[in-house]
Amino acid sequence: MKNENPDVLLLGPTYPYRGGIANTQEEFLKALCLQEQKVVAWSFSHLYPSFLFPGTTPFSTESKSLPIEVEQKIHAYAPWKWNKLAEEIVQLHPKKVVFRLWTPFLIPCWNSLAKKLPSSIKKIAFVDNWIAHEPKPWDTYFRKKFITYMDAFSCLSEGVSEQIKKESNKPIWQMQHPIPTAVEQKINREEACAALGLDATKNHVLFYGLIRPYKGLDLLLKAMTFLPDIHLLVVGESYENSAKYTQIISELKLENRIHLHLQFASEKETALCFSASDALVLPYKTATQSGVLSLAYHFETPVVVTNHKGLSSPVVADKTGRVVELSPKKNCGGNCLCLSTRTQKRNGKKYGQK
C-alpha cells in the first residue's frame, strides 16, 4: 500500500503504547486498511514528560503486529518541532487528518499543526474526552481554538457528543465504543478462579482499569461493607497513592474479601479477571465513556455502572446491566452502589433480564 497522498493520516498513540486509547487507535487503523484506504499513521516519540506521567511506564511489554508501519514522530511537548511536523503533513497532503484527543494536554500541539494545514486537507477530531475529569482554567480557551481548526468531530459516546454540541455547531459523528477484537477469549469460570487463586464458590465483582480519583474505587470499597457475601477483585495500576485505598480496606476490615492486583494487567490477566468475575462495577464519579465497558461486552460480563450518560446509555439500551446512584447506603431499595452490586444466582441469567 503506497503512502503518497494517503486518504487518511492518523495522529495518535499506537503500539508500543499501551491502554485503551492505543488499542482503539489500532482497531481504527485496521478497519481503514480493511476498507482499502491508503493510510499513514504517526504515533508519539514523546507523549508525556516523565514528571507528569503518574504510572510506571506508558509502554507495553507484549508483542503486537499492525497492518502498516507506524512512525513514532510526534513530540507532544516540544513546540519548536511542530512547524517541521506540519510541513511534513502539507507535503504528504492526505485527504484527511484525524487528530486523536483524549486529554487537554495535547490540544496545543494539535492546534499548532492544524492551523498550518490548507483547507484542502480535512481535519477531523476523534474525541474520547472533551471536558477533562480534572479540568484546568485554561482548557476552555484551547478547546475554542481547537474547534476553529477542525472541520468535523467523531466520538464514542452520547455524553461526549452532547458536550461538544454545547460548544460547536460543526458536524459530529457519534457511535458506541467498539468492542475490542484483539483480545483473548473468555475461559471457564472455575479455571479462571483457580488461576487467580480465588475461591470459585464465592461471588466476585471486578473493578478494572487505571485507578484515578474520579473512578470511585473508594465508594465501591465502602459499599462492600453492605455486601458480606461478595468478594471484590481490584485490577489496575494506580495513578495516585494507593495507600488511601489500603487504609480504607484496613479500617473497614475487608482484607479477606478484597483482592488487589495493582498493576497494569496483561491480555492474559485481563481475560482471567473477567472470566472469574460475576459482574464488572464502574463506580465512576464522573464519566463520558469507558473502554472497560466494551471489554465487559466482549467477555459477556454483566455490568453495574453509575448514572452518567456515557456509561448508562448503552447499558440501558442493551439491557446488559444496572444503572445505580453513587452513594453506598444500606436498605436503599436496590438503586444505589451497594445493593445493586449483589450478583445474582449463577443460573444463566444476566443483569437486565427478568
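The legends below describe close-up views of a predicted model.

**View 1. An open sheet of 6 strands with parallel pairing.**
The strands follow the order β10-β9-β8-β11-β12-β13. Strands β10 (258-261) and β13 (321-324) are at the edges, and each has a single partner strand, so one side of each has no neighbour in the sheet. From one strand to the next, the twist averages 20°. Within this sheet, β8 (residues 203-208) pairs with β11 (residues 279-282) in the parallel sense, over 2 bridges. The residue of β11 that stands opposite V205 is A279.

**View 2. Helices α9 and α10 against the sheet.**
Helix α9 (residues 267-276) packs on the sheet and touches β8, β9 (230-235), β10 and β11. The direction of α9 makes about 140° with that of β8. Helix α10 (residues 291-298) lies across β8, β11 and β12 (303-306). Relative to β11, helix α10 runs at about 170°.

**View 3. The crossing of helices α5 and α11.**
The axes of α5 (residues 158-165) and α11 (residues 309-318) come within 7 Å of each other. They cross at roughly 135°, which means that α5 is oblique to α11. On the α5 side of the contact are E158, G159 and E162, and they meet K309, G310 and S313 of α11. Sorted by class, this contact has 3 polar and 3 charged residues, and no nonpolar ones.

**View 4. The buried residues of helix α11.**
G310, L311, S312, P314 and V315 are buried in α11. Which elements cover them? The cover includes helices α5 and α10, together with strands β11, β12 and β13. Just after the helix, K319 takes a positive phi of about 55°.

**View 5. Helix α3, largely enclosed by the rest of the structure.**
Helix α3 (residues 107-114) has 8 residues, and 7 of them are buried, so the rest of the structure largely encloses the helix. The buried residues are I107, C109, W110, N111, S112, L113 and A114.

**View 6**
Which residues have the most contacts inside it? Leaving out residues up to four places away in sequence, L113 touches L11, W82, L85, A86, I89 and F99.

**View 7. Strand β4 and its pairing with β1 and β5.**
Of the 6 residues in strand β4 (residues 96-101), 5 are buried, so this strand is largely enclosed by the rest of the structure. Strand β1 (residues 8-11) runs parallel to β4 and is joined to it by 4 bridges.

Methods:
Residues are numbered from 1 along each chain as its sequence is written. This is a predicted model: local features need pLDDT of at least 70, side-chain atom pairs count only at pLDDT 80 or more; totals for chains, interfaces and linings use all residues. Side-chain values use heavy atoms; hydrogens and water are left out. Two strands pair if DSSP finds at least two bridges between them. Axes are lines fitted to C-alpha atoms, for helices over the stretch in contact, and angles run from 0 to 180 degrees between N-to-C directions. Contact means heavy atoms within 4.5 Å. Angles under 35 degrees count as roughly parallel, over 145 as roughly antiparallel, 65 to 115 as roughly perpendicular and the rest as oblique. Ala, Val, Leu, Ile, Met, Phe, Trp, Tyr, Cys and Pro count as nonpolar, Asp, Glu, Lys and Arg as charged, and the others, Gly among them, as polar. Buried means under 20% relative accessible area, exposed over 50%, partly exposed in between (1.4 Å probe, protein chains only).
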